[in-house]
Amino acid sequence: MPDLLLEIGCEEIPARMIDAALQELRERVGALLSRERLAANQIAHFDTPRRLAVLASGIPATQPDVTERMNGPSASRCL
């Protein structure tokens, strides 16, 4: 199963803001993967004063198939 590494380089981040920014990034990456039906086995995070990184391990190579049923207009409206 593939891994995803997202690394963001930026200007110097104040030390008091790193934990909150890293937690936000981790939550958003997790939500994005869940929304796209690519749930990761584990999400790890790393930080430095100039970088924030998230490593999502064990992502499926493909999304699972989804079947959706959509109803159109009624037959009387089609004529």
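Visitor: Which residue in E3 is the bridge partner of Gly9?

Guide: Good place to start! Keep in mind that this is a predicted model. Strands in a sheet pair through backbone hydrogen bonds, in either a parallel or an antiparallel sense. Here, Gly9 has Arg51 of E3 as its bridge partner.

Visitor: Over how many bridges do E1 and E3 pair, and in what sense?

Guide: Strand E3 covers residues 51–57, and its pairing with E1 is antiparallel, over six bridges.

Visitor: What is the strand order in the sheet?

Guide: The order reads E1-E3-E2 in an open sheet of three strands, with antiparallel pairing. Strand E1 (4–9) and strand E2 (42–48) are the edge strands, each pairing on one side only. On average, neighbouring strands in this sheet are turned by 10° against each other, direction ignored.

Visitor: Which strands does helix H1 touch?

Guide: H1, residues 15–35, packs on the sheet and touches E1, E2 and E3. The direction of H1 makes about 35° with that of E3.

Visitor: Let's zoom in on one residue. Is Leu4 buried, partly exposed or exposed?

Guide: To read this, compare the relative accessible area with two cut-offs: under 20% is buried and over 50% is exposed. Leu4, which lies in strand E1, has a value of 36%, so Leu4 counts as partly exposed.

Visitor: Which residues is Leu4 in contact with, leaving aside its neighbours within four places in sequence?

Guide: With those neighbours set aside, Leu4 is in contact with Leu33, Val54, Leu55, Ala56 and Ile59.

Definitions and conventions:
Residues numbered from 1 in each chain as written. Predicted model: local features only at pLDDT ≥ 70, side-chain atom pairs only at ≥ 80, totals over all residues. Heavy atoms only, no water. Pairing = 2+ DSSP bridges. Helix = DSSP H or I, 4+ residues; strand = E, 2+ residues; numbered from the N terminus. Axes fitted to C-alpha atoms, helices over the stretch in contact; angles between N-to-C directions. Contact = heavy atoms within 4.5 Å. Buried < 20%, exposed > 50% of the residue type's maximum accessible area, 1.4 Å probe, protein only.
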